[in-house]
Amino acid sequence: MPTITARLQLGKAHPSRGGILDGYHTLELFEGSKLFWVAKTKTGRIKWLPRHPSTIASDGLLLAAAMFMPNSRAGLTISRQLGLLERSRSTVVDLSDYKGVDFSAVYAQTTHSLERNNETEYRLNKLTMMVSEVSTLNSQLDTFASLDCDVEIMTTTFSKAYSELDERYEFWQRNINASQHG
């Protein structure tokens, strides 16, 4: 049974306080026998299967562009090349089926769209993520950190979970000290 191991939110950065000001969109990463992103909108739900486990992060950003930045160059390109405009909004897209798409070029357009916000001059895009300690995405966090927009990544610092197998609680805590914070 798949479980949510990460949640990505895309919105506008608060100009002075950090966090997301308003109007954010959410993607969820599910992991289990298959790995996939899910985006829910007012018009439906899309299940997005990455090309490969090594492209989870970049393929998630492509979904964000397609669903939440539909008028950007990247959003339009993805929608056209994958035929999203002709599909029902509640659909499954397996990116490995699209061999003729230059995903590197579309990804470059996506990062440009995230970094250059034309809607207003003072509000930048902000991406926040919550990532579970067991998420495969942990090995690809640098993809998000390298974006030229506001990024905040929250990872596990403490975990208390009941183990059905051991019939007891398991605890995990990261050792945090002041030297780890810039």
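A word on the basis. This is a predicted model, where local features need pLDDT of at least 70, side-chain atom pairs count only at pLDDT 80 or more, and totals for chains, interfaces and linings use all residues. Residues are numbered from 1 along each chain as its sequence is written, and side-chain values use heavy atoms, with hydrogens and water left out.

Rings to begin with. Rings of Phe, Tyr and Trp (its six-membered ring) pair if their centres lie within 6.5 Å; planes under 30 degrees apart are stacked, over 60 edge-to-face, and the rest tilted. That rule gives three aromatic pairs. Among them is F30 with F36, a stacked pair. Their centres are 5.1 Å apart, with 10 degrees between the planes. Next, Y162 and Y169. The centres lie 5.3 Å apart and the planes sit at 75 degrees, so this pair is edge-to-face.

F30 is buried, at 15%. F36 is buried too, at 7%. Y162 is partly exposed at 42%, and Y169 is partly exposed at 45%.

Now charges. A charge sits over a ring if NZ of Lys or CZ of Arg is within 6 Å of the ring centre and within 35 degrees of the ring normal. K47 lies over the face of F36, 4.3 Å from the ring centre. K160 has its charged end over the ring of Y169, 4.8 Å from the centre.

On to the helices, which are DSSP runs (H or I, at least four residues), numbered from the N terminus. D59 belongs to helix α1, residues 56-68. Its relative accessibility is 0%, so D59 counts as buried. What does D59 touch, not counting residues up to four places away in sequence? W37, W48, P50, R51, H52 and L95. Contact here means heavy atoms within 4.5 Å. D59 also has a side-chain polar contact with T55, at 2.8 Å. Polar contact means a pair of N or O atoms within 3.5 Å; within protein, one must be able to donate a hydrogen and the other to accept it, and residues adjacent in sequence count only if both atoms are side-chain atoms.

Last, Q109. Q109 is in helix α3, residues 103-115. Q109 is buried, at 17%. Leaving aside residues up to four places away in sequence, Q109 touches R73, A74 and T77. With T77 there is a side-chain polar contact of 3.0 Å. Q109 and G75 are 34 residues apart in sequence, yet 8.7 Å apart in space, C-alpha to C-alpha.

Conventions:
Buried < 20%, exposed > 50% of the residue type's maximum accessible area, 1.4 Å probe, protein only. Helix = DSSP H or I, 4+ residues; strand = E, 2+ residues; numbered from the N terminus.
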